[in-house]
Amino acid sequence: MATPPRISTRTKLAVDVTLLLSLMVVSAPQATGIGLHEWLSVLFVPVFVVHLVLNWDWIARVYRRFLKPLGATTRINAVWDLLIYGVMVFVFFSGVLASRAALPAFLTAFVPDAFWNDLHHVTSNLLLPLLGIHLGLHAKWIVRAIRARKESA
Amino acid sequence: MSVLLRRFAIVLGVSVLFSLAFAPLGSTERAAKHRHKRAEQRAAGQRGDGPKKAPREPPSAVGRIAGPLIKETVFMGVPAGLVVLFAFGVRRLRSRTSD
């Protein structure tokens with residue numbers, strides 16, 4: 001079995017900053033316009049997947065040991081991250097079904113759904129505080145990673 | 001490389017499964033009622049007998065960009081700050097009780 005490549009904190013931090021900035025851009029359809037919002041969201045998905053893949057070791061370790069004794073902070077993080085993942089997938093999914101620009105460009109017969117559109121709006125707004133709490137829970141790691149980056153520079 | 005590809009595939013596969021789990025929501029009675037209500041609202045708006053809204057001035061270019069940015073910063077920043085404060089408080093309380 002091939003060994004997984006070791007991913008540096010620097011790389012993870014760079015991806016996380018990109019993810020946060022791109023999330024802030026895609027969460028502002030009023031600023032970008034619906035068309036750009038949808039196309040940027042399509043580009044946002046791979047960044048989100050890369051974030052998960054880079055943190056794979058932690059995810060695998062925690063969920064494998066979830067039913068065994070585990071620190072309270074780690075357990076809270078694990079549950080919260082799963083919740084965010086679920087909401088994020090829901091936002092993508094509802095966004096696709098409510099698409100007014102990207103999907104109709106390929107499927108001319110596609111009609112955006114008002115039900116999914118409203119759910120997309122509500123859940124994407126809900127996602128922001130969920131992510132805020134996620135950032136707060138990982139604040140220690142973020143501060144440490146930024147300090148390490150500054151020291152190595 | 002194959003390890004990373006396998007992980008990508010797993011993430012995408014699980015995401016598709018999650019999406020399939022959400023799909024039945026769209027065929028519920030609640031969803032149908034919601035669509036009906038929105039269609040009625042749209043029709044009323046086109047007829048001009050819907051609820052009258054006071055005309056609003058379109059936001060300036062700066063407002064269009066700054067508005068959502070402020071909203072996002074507050075929506076994410078406040079919960080993040082509260083969690084950091086809470087964790088700090090818990091750590092201090094723990095260190096005091098252990099003294």
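Leu82(B) counts as exposed because its relative accessibility is 53%, where exposed means over 50% relative accessible area, buried under 20% and partly exposed in between (1.4 Å probe, protein chains only). This leucine sits in helix α3 of chain B, residues 61–98. The model you are looking at is predicted, so local features need pLDDT of at least 70 and side-chain atom pairs count only at pLDDT 80 or more, while totals for chains, interfaces and linings use all residues. Residues are numbered from 1 along each chain as its sequence is written, chains are lettered from A in the order in which they are written, and side-chain values use heavy atoms, leaving out hydrogens and water.

**A patch on the surface**
- Leu82(B) belongs to a nonpolar surface patch with Ile70(B), Val74(B), Phe75(B), Val78(B) and Leu85(B), and together they have about 570 Å² of accessible area.
- Patches are made of residues with over 30% relative accessible area and no salt bridge; nonpolar side chains (Val, Leu, Ile, Met, Phe, Trp, Tyr) are joined within 5 Å, like charges within 9 Å.
- Accessible areas come from the Shrake-Rupley method with a 1.4 Å probe, and for residues only the protein chains shown count as cover.

**Chain A as a whole**
- Chain A has 8 helices and 0 strands; both are DSSP runs, numbered from the N terminus (helices H or I, at least four residues; strands E, at least two).
- Of its 153 residues, 38% count as buried.

**The largest nonpolar core**
- This core has 30 residues, and Leu23(A), Phe44(A), Phe48(A) and Leu127(A) have the most contacts inside it.
- Helix α1 (2–22) of chain B is among the elements giving two or more residues to the core, while α5(A) gives the most, with 8 residues.
- A nonpolar core is a set of buried Ala, Val, Leu, Ile, Met, Phe, Trp, Tyr and Cys residues joined through side-chain atoms within 4.5 Å.
- Leaving aside residues up to four places away in sequence, Phe48(A) touches Leu19(A), Tyr85(A), Met88(A) and Phe92(A); contact means heavy atoms within 4.5 Å.

**Where the chains meet**
- Here 40 residues of chain A are in contact with 35 residues of chain B.
- The two chains bury about 3300 Å² between them, 75% of it on carbon and sulfur atoms; buried area is the accessible area (1.4 Å probe) that two parts lose on being put together, summed over both.
- The rule finds 3 salt bridges across this interface, each a side-chain nitrogen of Lys or Arg within 4 Å of a carboxyl oxygen of Asp or Glu.
- Arg35(B) and Asp113(A) meet in a salt bridge through their side chains, at 2.9 Å from N to O.
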